[in-house]
Amino acid sequence: KGVTYYRQYQADSYAETGLFFSYDPMPDSMKTMMMLEKGKDPVEAKEAFQDAGDGNIYICNDRMYLQKYTQNGQTVYSVKLDGSDYKEIGTGRMEGLDEENGILVCTLADQNEMYQLQTYDMKSGTINNCTLETPCTKVLDVKDGVIYYEGEAEYEKAQAGEVRLCSVNSDGSGEKLLAVTSGDLYEFPDAPCEITCFQIARE
């Protein structure tokens, strides 16, 4: 609606030291969510609300979908555009948004505290646990109602080069195993292989 939102971080938002230039977010650290109206100079940005969130910001149906780090782990939640009406969705992290169908894709802890690929229907407020034949280890992209992800492989085979590229519709249907690399690429096992870059070219 002609407004750009962004989170303004402070020096104390992240740890002072980090391994290999990776600095962890400080749990429960407060930041300022800013709003800049279209055509305004950046110096005219206004404070929308105070928030402890970190990372991506998704907006759908006049609500922000956010995640934050706390002393007890990571939490996914939503608020109105002024920061009010806080609703907690679950323990875990956001992975992407199927905006057309109003579905937020997350990795959330289930009732057994096992992290699973799950989807949150923004209209009904219901959570769907994606029952997958090849479990998800990392979401790569969400595009046109499809979740692309790296599927779980046996540890020894992953060390030797096996990687599984999978997809599933955002409603949990139509799981596909798109590609599998050879599990005998390396003579000596090393760290498990993973997909580090994912791009969709044409079709």
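**Exercises on a predicted protein model**

In this predicted model, residues 24 or more positions apart account for 38% of the contacts with a separation of 6 or more.

**Exercise 1.** Describe the secondary structure, the extent and the burial of the protein.

*Solution.* Next, consider its extent along the principal axes, where the C-alpha atoms fill a box of roughly 60 × 40 × 40 Å. Finally, turn to burial: of the 203 residues, 38% are buried.

**Exercise 2.** Characterise the surface and the charged side chains of the protein.

*Solution.* The accessible surface is about 12,700 Å². Carbon and sulfur atoms contribute 46% of that surface. Among the side chains, 18 are positive and 36 are negative. The centres of these two sets lie 8 Å apart.

**Exercise 3.** State the volume of the largest pocket and identify what lines it.

*Solution.* The volume of the largest pocket is about 170 Å³. Its lining comprises 15 residues, of which T137, E150, A158, P192 and C193 are the closest to the pocket centre. At the level of elements, β11 (136-143), β12 (146-151) and α1 (155-159) each supply at least two lining residues.

**Exercise 4.** Locate N169 and decide whether N169 is buried, partly exposed or exposed.

*Solution.* N169 belongs to strand β13, residues 164-169. Its relative accessible area is 29%. Buried means under 20% and exposed means over 50%; N169 is therefore partly exposed.

**Exercise 5.** Which residues does N169 contact beyond its neighbours within four places in sequence?

*Solution.* With those neighbours set aside, the contacts of N169 are G145, V146, I147 and G174. For I147, the separation from N169 is 22 residues in sequence, and the C-alpha to C-alpha distance is 5.9 Å.

Terms used:
Residues numbered from 1 in each chain as written. Predicted model: local features only at pLDDT ≥ 70, side-chain atom pairs only at ≥ 80, totals over all residues. Heavy atoms only, no water. Helix = DSSP H or I, 4+ residues; strand = E, 2+ residues; numbered from the N terminus. Buried < 20%, exposed > 50% of the residue type's maximum accessible area, 1.4 Å probe, protein only. Contact = heavy atoms within 4.5 Å. Areas by Shrake-Rupley, 256 points an atom, 1.4 Å probe, with all protein chains shown as cover. Lys, Arg positive; Asp, Glu negative; His and termini not counted. Charge placed at Lys NZ, Arg CZ, Asp CG, Glu CD. 1 Å grid on protein atoms, 1.4 Å probe; cavity = no way out; pocket = protein on both sides within 12 Å on 5 of 7 lines; lining within 4 Å. Points joined across faces, edges and corners; volume = space filled by probe spheres on them.
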